[in-house]
Amino acid sequence: VAYNYNEKKNTIGYGETSVNNMVSTEVKYNVLSSSTINARFSYNAIKFKYETGGSPNSTVGYIMLDGLLPGNNFLWTLEYTKRLAGNIEMTIQYDGRKPGETRTIHTGRASIRAIL
């Protein structure tokens with residue numbers, strides 16, 4: 001479990017400021033010696049202020065908010081890795097994110113790699 005406080009200020013332009021309070025946790029479980037299950041979750045409470053003309057959707061806003069949106073942001077990942085043979089490994093990963101007031105975004109990935 002971890003906590004991170006981050007404050008950013010733009011001293012030029014529209015005077016944007018952001019304050020990010022993040023709480024995160026990660027759990028890893030090894031199933032015998034051939035597979036692992038990894039889960040991560042983080043909650044970001046972000047306050048973003050700007051003068052007239054500024055925007056959280058601008059390039060500066062995107063950088064200051066680390067790609068998230070003002071308000072409550074949730075990010076989670078589930079990952080399963082299995083060693084299929086002596087040197088072949090398969091990974092299945094699911095990512096979810098709920099940035100600010102927008103819809104939830106779901107992403108899935110699968111990969112196979114040879115370990116030499």
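This is a predicted model: local features need pLDDT of at least 70, side-chain atom pairs count only at pLDDT 80 or more; totals for chains, interfaces and linings use all residues.
Local features need pLDDT of at least 70 and side-chain atom pairs pLDDT 80 or more, while totals for chains, interfaces and linings use all residues. Residues are numbered from 1 along each chain as its sequence is written, and side-chain values use heavy atoms, with hydrogens and water left out.

**Exercise 1.** Find which residues are linked with E89 in a network of salt bridges.

Solution. 
1. A salt bridge is a side-chain nitrogen of Lys or Arg within 4 Å of a carboxyl oxygen of Asp or Glu.
2. R83 meets this criterion with E89, their closest N and O atoms being 3.6 Å apart.
3. E89 also pairs with R113, at 2.8 Å from N to O. E89 is in strand β5 (residues 88-98) and R113 in strand β6 (residues 105-114), so the pair ties together parts 24 residues apart in sequence. Strands are DSSP runs (E, at least two residues), numbered from the N terminus.
4. The network therefore consists of R83, E89 and R113.

**Exercise 2.** Classify E89, R83 and K9 as buried, partly exposed or exposed.

Solution. 
1. Buried means under 20% relative accessible area, exposed over 50%, and partly exposed in between (1.4 Å probe, protein chains only).
2. E89 has 11%, so E89 is buried.
3. R83 has 37%, so R83 is partly exposed.
4. K9 has 59%, so K9 is exposed.

**Exercise 3.** State which residues L65 contacts beyond its neighbours within four places in sequence.

Solution. 
1. Contact means heavy atoms within 4.5 Å.
2. With those neighbours set aside, L65 touches S18, I46, F48, P56 and P70.

How values were computed: Helices (H or I, at least four residues) and strands (E, at least two) are DSSP runs, numbered from the N terminus.
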